[in-house]
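The sequence and the structure are shown first.

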Amino acid sequence: EQTWFKKYFDLLAVKDYTSLVQHTETSDIRYMKATAERFTQLITTGIKYETLPVFNIAVVATMSAGKSTFVNALLGNEIFPESQAACTAKITSIYDNDFYNRVAGVALKNNKLKNSSNKLDNNQLIAWNSCKDFDRIILEGNLDNITNGKKIVAVHDTPGTNFSGDETHKKKTIDFLENAELDILLCVLNAEYIGTNDGAIVLKQLYQIGKKNVATRTIFIVNKIDVFNNERESLSNTLEKIKDNLTHYGFDNAAIIPTSAKAARLFKMVLTGKYNKFTDDEIDSFRILFRKCSKGQLVDPIGIEPIQSFLPAYSIEKKVVIDEQEYFLRDVEQALYNTGFINIEQFIDSQMINNNGELK
């Protein structure tokens, strides 16, 4: 047994992972075989992950458009602080890792490690975000419905380009967007305040950035469609007006995806059993949004292929109880589908691979 372990650690030290896997398969140590196999699997998975290229996505938004809520919806959890005020003070990046069931993170200052957490929560990130001793935050966690089999998706949350109260926010964001090698730039628009001066400022800035980085594709997310009043005007007509408005600012043939990030996050948390984290306000919001999204229908995006028909994963009898009220998980799945958020996830997934299945 000692001889076997000595060879195992010798192979580990020289990073001969092919031989390490083969050596693990030869183990006949009765009580350690399963542990050694699991440990070897974790090591080889980690090494493979580190060799993958990165697919970079930056997220910018107009004021109160729900940018942090949007990133939380990608995670299916509430990690990023959500508020009507400006929340993100630093470039905060999260790297997708399908094997994570938590969010880990590091805080940096001038590229030097200042703090770390193996299981980051909302309160820690709020503290890091407000700490003047940190200038960069990097996280790792699992982005729902986005795979990292061939590339790692990195979502970079920016402070914003239009916060007049703090010009450093604008400078950090513009510098990052102009100098980073981005594959996609996601601009989150507030469905309540389309066509405002606030939106015009952001669109003008993004157009100039796009002219400098022609390889970056800009996608517009129309968020908070849950507050839209379909009795006054159809959402489809509003999306067409948004398309015309974007054309005015130089974005010809713009890709526009409507969604409700808040509803998507709450529904995902229910489907993954995290509804016990809901506050009283979130329970109330879930009940209202579930009723609205259950009755509504998926609105097709503009400029990209829409998702195919709804395919439930849960059996028809599976249900949960939230605040003494029963909900069937298949109905929650349907409500999540109706938010249109999966259009965003599948679009990101599809952009990493071309039609031949090769890396882009």
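Buried means under 20% relative accessible area, exposed over 50% and partly exposed in between, with a 1.4 Å probe and protein chains only. The model is predicted: local features need pLDDT of at least 70, side-chain atom pairs count only at pLDDT 80 or more, and totals for chains, interfaces and linings use all residues. Residues are numbered from 1 along each chain as its sequence is written, and side-chain values use heavy atoms, without hydrogens and water.

Helices (H or I, at least four residues) and strands (E, at least two) are DSSP runs, numbered from the N terminus. Helix α1 comprises twelve residues, 2-13. From first C-alpha to last, α1 reaches 16 Å, close to the 16 Å expected at 1.5 Å a residue, the expected span being 1.5 Å times one less than the number of residues.

Trp4, Tyr8 and Leu11 of α1 are buried. Viewed down the axis of α1, the buried residues fall within an arc of 65°, so they line one face of the helix; the arc is that of the directions from the helix axis to the C-beta atoms. On the other side of α1, Gln2, Thr3, Lys6 and Ala13 are exposed. Just after α1, Lys15 has a positive phi of about 60°.

In strand β6 (residues 152-157), six of six residues are buried. Ile152, Ala154 and His156 point one way from β6, and Val153, Val155 and Asp157 the other way. Two strands pair if DSSP finds at least two bridges between them.

| Strand paired with β6 | Sense | Bridges |
|---|---|---|
| β1 (residues 54-61) | parallel | six bridges |
| β2 (residues 91-96) | antiparallel | four bridges |

His156 is the bridge partner of Ala58 and stands opposite Ser93.
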